[in-house]
Amino acid sequence: MTRGPILVVFPHPDDETLALGDLLALHARDGLSVTLLCATRGEAGRNMGRPISANRETLPGIREQELLEACRILGIHDVRLLGFRDRMLEFENPDDLARPVLEAMRELRPARVYTYYPEHGYHPDHDAMSRAVVLAVERLPVEERPVLLGTVFSDAALEALGEPDEVVPTASVGEVFRAAVRAHRTQTAARVARTQARMAEDEEFRAQVEENWRNMTAKLWVYPVASKGLRGKVADPAEARKAT
Ligand SMILES: [Zn+2]
């Protein structure tokens, strides 16, 4: 599907796994080099673990460790924390957010950049970070720009964005993906425990979950930088690349 290096940019520890962990595991398995820029340490997270294992002081350190563990499981060995404040990205100067992304692109020359699709990230931090990624890509000469691809927070975005440009079957790395989800313990343990308990007692639910696992896909939408996000018909990302 793709050969060059991949740059992934998200605001919080766990976005990389919950949004695209399956696809990133697939890339790692295919031997692609993947670098993750994570803007914050997720210190504003509401979950303190189950049983409670963190407090406001310890949460950022714990989430950083969870992030590194999840990335190790997914096969991402280059993880860079940018040191911005959780829940505050929308108040940051966009130039400050864009700068490390631009520097990483100049250093790594990625073929593709993944982030939340701008304005469909569902969270102010998500949208602020993806707008900064667009800004950074715009600052590269046209011929040096990577293809920018967005993931969305919920299928509600389908109506606005249309069908995804790439739908990648990812069931083959499902176990890896689920292990990475579990590694974000403070954020996911309660949900994982609830799902497991219900699977154990509800045959129909279990069958449905397993069916979903078999049909797992990663969905990506090309963000056309040259037309400021105005999506026309983009059938082939290679074409989109020429056009941006
Ligand atoms: Zn997030």
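## Where H3 meets H4

Pro94, Leu97, Ala98, Val101, Leu102 and Met105 of H3 touch Ala128, Met129, Arg131, Ala132, Val133, Leu135 and Ala136 of H4 (contact here means C-beta atoms, placed from the backbone, within 7 Å). Sorted by class, that contact has 12 nonpolar, no polar and 1 charged residues (Ala, Val, Leu, Ile, Met, Phe, Trp, Tyr, Cys and Pro count as nonpolar, Asp, Glu, Lys and Arg as charged, and the others, Gly among them, as polar).

This is a predicted model, where local features need pLDDT of at least 70, side-chain atom pairs count only at pLDDT 80 or more, and totals for chains, interfaces and linings use all residues. Numbering starts from 1 along each chain as its sequence is written.

## How they cross

The axes of H3 (residues 94-108) and H4 (residues 124-138) come within 8 Å and cross at roughly 55°. That makes H3 oblique to H4 (under 35 degrees is roughly parallel, over 145 roughly antiparallel, 65 to 115 roughly perpendicular, and the rest oblique). Helices are DSSP runs of H or I, at least four residues, numbered from the N terminus.

## Aspartate 96

Aspartate 96 also sits in H3.

## Helix H7

In H7, Arg185, Thr186, Gln187 and Thr188 are buried. The cover over the buried residues of H7 includes helix H2 (59-74) and helix H6 (174-183).

Key
Axes are lines fitted to C-alpha atoms, for helices over the stretch in contact, and angles run from 0 to 180 degrees between N-to-C directions. Helices (H or I, at least four residues) and strands (E, at least two) are DSSP runs, numbered from the N terminus. Two residues are in contact if their C-beta atoms, placed from the backbone, lie within 7 Å. A residue is buried if 20 or more other C-beta atoms lie within 10 Å of its own, exposed if 12 or fewer, and partly exposed in between; C-beta atoms are placed from the backbone.
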